[in-house]
Amino acid sequence: MPTFEASDLNLEEKRPQTPSEAQRNHLQKIISNGSPAKYTHTLNIPGDNAHPNSIEVPASRSSIAESEALMHSLSIAPSQVDRRNSRNSFGASLPIPRSKRQSRLSSVATQDGRPTRPGMPAVQPTRDILSSQVQDMSAVKTAAAKDMAFAFDIDGVLVHGDRLIPEGQRALEILNGDNELGIKIPHIFLTNGSGKPEAARCAQLSKILHNPVSTEQFIQSHTPMSALAEYYDTVLVVGGENYQCREVAKQYGFKDIVVPNDIYASQSTIAPLREHFTAEQRATSTPRDFSKVQINAILVFSDSRDYATDLQIIMDLLQSDSGVLGTRSKDPTTQSIPIYFSQGDLLCPTEHPIPRMSQGTFRIALEAIYKAVTGHELERVVYGKPELATYKYADEIMTSWMDTIHQEERLPKNIYMIGDNPQSDIIGGNMYGWNTCLVRTGVFQGGENDEKNPANFGVFENVLEAVKTAVKKELGEDFKFEWSDSMNPVTAGHSISAIE
C-alpha cells in the first residue's frame, strides 16, 4: 500500500503536543470564568412565553460545547462561556417547576416502610409536647435553629452506592430532632444522582440511612427537568437502570416517551455494535415506525448503560431533518433538535474504591464525536449542580419544606452545602452564596482544601463533623447533640428553669 507524506496532500505536518503552561491556564480560565462566545446559536425554545407552571432561570454557562479544549486534556468541569441574553435562544434559560409539589404528607417513607411525620422519626406524643415547651423556653436558640438549613449531596457524603457511611445516619438523627431542643433543623437532599422515580429513591435511601426521607426534601439531577414537559411533546429519554427513566418521564407529565430500546426493537441495524438484546428488554420495548415519528428533544436523564447504541441514535437524531430518524437535515451546519443533560459530573463515588465515570464522560464523548463528524460544536444544556437553575429550585424546595415542618413558608438565612465534589457541590454553593463544606469521604481526597474551588466553610473528615461544626457556629459551642429525657419534670425528679 503506498504511503503519503503530509506535503503530498498540501497539509502542514502537525502532531498533537502537550499543552503549554499558558494553554493550561487559558483552559482553566475558560472552565472557571467563561470564554467569548465563538459560535452562532441555531436552536430556539419552542412556543411563546405561555408556560404558567415553569420559571425560566438564566443559564450560568453557555449551551455551546467547547470540545476543542477537551480533545487532548479532558476538562473536569463543564465548559463555561458567556451567557446569552435572548430568552428565545435555546440554552439561554433553564425551565424549572413553578408550582409546589403535591401530597407532601403521603410522600414520606421510613426505614420500615411505614408512613411517618415529615422529617422526624416516630416518637411518643409526650416528647412532642416537651420539645415544644423546651423550644419556647429557649427562644433564641430555637429561632437560630429555624434560620439555618443544610443541603446534602448523597453519594460520597451519606452513602457509597447502597452502603451507608455511618456518620451520615447520626448527622440526620441530630437534624431530625435528637438534640437538646428536640427541634427539626431544615435540610434537603440535593444530588446529581438520577435514574429512578423520586419516591422509589427516597424509600431506598430511608432504609439505608435509617432516617425518613421525603420526596418533598429531595432533588435528583433530573427533578427540575420536569418543567420541560410543558415545552416538548415527544422526547427521547436516555439512561437509567432498566430504563426506569421512562417511568420518571411519565410521572413528570411528558406525553410521548421514546427510549433507545424502542428504536432498536424497531430497527436493529441502527446500532450494529450492539451484541445483546434480551427477551426482557424486547418485552419492555415499544417498537413503531419511527420514520413517521418526530422527536422534539433528547433528554439524558441518567448514565447510559450502552454507550455505543445511545451515542449512535443520538447522533442520528441530531443530524436528522426535524427529529425524524432515517432523514438528514438539509443544512448540515445546523443542529436538528435540542439535547439536555441532567448533570455534568465526570466522576461519581460508588462502592468501588476509586470513583467511577458518570454522565459527564458520556457528554464529552458525544461533544467530541459531533465535532469530529460535523465540524461544528454541539449545542446542549446541562442541568444539575453547579447550574444556577438547580440552586434556584433548591430554594423553592427548602422554603416549602420549612412550611411543612415549622409552618413558616420562608427560606432560612444560613444554608450549608455539604458535598464531596469541588467541581459541582462546592463551586455551585460558592457561586450561590451558600456556606460550603467539603468532606473527604467521596471524590475529594486532596490536601487542606481544593486549590481551584475551595470550600468557604472548611474541609471535614465526614458529614457528622461538618454538621456539628455548623450547628455550633449558629447555636453556640455548648449546644448538645442529643435529646435528654431529663427534660421531663415528671420522670427527671427536678424542675427546669423557664429562663434561657
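Arg288 and Asp256 join their side chains in a salt bridge, 2.8 Å from N to O; the term covers a side-chain nitrogen of Lys or Arg within 4 Å of a carboxyl oxygen of Asp or Glu. Arg288 sits in the loop between helix H8 (279-283) and S12, and Asp256 in strand S11, so the pair ties together parts that are 32 residues apart in sequence. Helices (H or I, at least four residues) and strands (E, at least two) are DSSP runs, numbered from the N terminus.

A word on the ground rules: this is a predicted model, in which local features need pLDDT of at least 70 and side-chain atom pairs count only at pLDDT 80 or more, while totals for chains, interfaces and linings use all residues. Residues are numbered from 1 along each chain as its sequence is written, and side-chain values use heavy atoms, with hydrogens and water left out.

The whole structure holds 19 salt bridges. Three of them are set out here, with relative accessible areas; buried means under 20%, exposed over 50%, and partly exposed in between (1.4 Å probe, protein chains only).

| Pair | N to O distance | Relative accessible area |
|---|---|---|
| Arg288 and Asp256 | 2.8 Å | Arg288 30%, Asp256 22% |
| Arg170 and Glu173 | 3.1 Å | Arg170 23%, Glu173 24% |
| Arg410 and Glu408 | 2.9 Å | Arg410 29%, Glu408 25% |

Arg170 and Glu173 both belong to helix H4 (residues 166-175), three residues apart, about one turn of the helix. An α-helix has 3.6 residues a turn, so residues three or four places apart point the same way. Glu408 and Arg410 also take part in a network of salt bridges with Lys146 and Asp147.

What are the buried residues of H6? They are Cys245, Arg246, Val248, Ala249 and Tyr252. Seen down the axis of H6, they fall within an arc of 160°, so they line one face of the helix; the arc is that of the directions from the helix axis to the C-beta atoms. These residues pack against helix H5 (198-209), S10, strand S11 (256-258) and helix H7 (260-266). Just after H6, Gly253 takes a positive phi of about 100°.

Finally, the rings. A search finds 14 aromatic pairs: rings of Phe, Tyr and Trp (its six-membered ring) with centres within 6.5 Å, called stacked if the planes are under 30 degrees apart, edge-to-face if over 60 and tilted for the rest. Phe150 and Phe152 are stacked, 5.8 Å centre to centre with 15° between the planes. Phe479 and Phe481 are edge-to-face, at 5.6 Å and 75°. Phe150 and Phe152 also belong to a cluster linked by ring pairs, with Phe189, Tyr416, Phe457 and Phe460.

Technical notes: Contact means heavy atoms within 4.5 Å.
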